[in-house]
Amino acid sequence: MPVSVDTYEGGDTMVAADVNADYAAIAAETAILDDENTRSEWCSREHISQAGNATFNLNFAQVEDSDTTQVINTNVFTQVNLVPAFRIAYSGLVVQPGEVLRCHFDINVIAATILNPGATSAYLANEDSDCYQFRFFFRNFVSGVELGFGPTATYSTTNKGTTVPPTTGLSSIQRIGQRCSLHNCFLNATAAAISFDWIEVRARVCDTTYLSAISIKDGTFQVFRALH
């Protein structure tokens, strides 16, 4: 049977008697929790009643890819789609002030197509010519506006792979095997709730005149909301 405890919100006054009662209840009830945990006077979050505010992560969602390979060949952020697409739809997930929304994805970049590799130094004078990027995007359920969400993860192809013989002309393919990941922890620090329609992962190459494409495969994408 779950242990009933008091919960508090920002601005609430914590009363010593209530806090002491929580500790007393936990200590008293651990004696009957031997089938789940045998340590004396100890309990996990699973033993705490969720009748008030939840104490663990809520609204967990996950996308895992099939065996599909996707080619990214544009410098405009494009949805990662390994069938299924790396989009988690909510149609109105509300993140209240003080709540946290966390996103994570990881993916494997298996190859990169390099144009004119003999002119590497000239192209790399632009500094990001050999790079590709990943970023989270979301759409606001109320306004319909799509925005970048959190930081951008940037990876370089330089010294990351082994060049194989050119396929045609002056292009070559680098076998990379680069595992890429990005994590975003969003705290709603405003005074108003924010409503999410969907959250997705997008990718792009920075300079298609040098790095014309990357191939991606095998990844996961997770989003979960947590109360403060």
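pLDDT is the predictor's confidence in each residue, from 0 to 100. The views below show a predicted model, in which local features need pLDDT of at least 70, side-chain atom pairs count only at pLDDT 80 or more, and totals for chains, interfaces and linings use all residues. Residues are numbered from 1 along each chain as its sequence is written, and side-chain values use heavy atoms, with hydrogens and water left out.

**View 1. Confidence along the chain.** The average pLDDT of the chain is 79, and 72% of the residues score at least 70. Strands are DSSP runs (E, at least two residues), numbered from the N terminus. Over residues 161–169 the pLDDT is below 50, and this stretch has 15 contacts in the model beyond near neighbours in sequence; a contact means heavy atoms within 4.5 Å. Where pLDDT is low, the predicted coordinates should not be read in detail.

View 2. Val-201 lies in strand S10 (residues 194–205). Val-201 is buried, at 0% relative accessibility; buried means under 20% relative accessible area, exposed over 50%, and partly exposed in between (1.4 Å probe, protein chains only). Leaving out residues up to four places away in sequence, Val-201 touches Thr-78, Gln-79, Val-80, Phe-86, Phe-105, Arg-135, Phe-136 and Phe-221. Its C-alpha atom is separated by 9.7 Å from that of Cys-103, 98 residues apart along the chain.

**View 3. Surroundings of Ser-212.** Ser-212 belongs to strand S11 (residues 211–226). With a relative accessible area of 16%, Ser-212 is buried. Not counting residues up to four places away in sequence, Ser-212 touches Ile-72, Asn-73, Thr-113, Leu-115 and Val-205.

Methods
Helix = DSSP H or I, 4+ residues; strand = E, 2+ residues; numbered from the N terminus.
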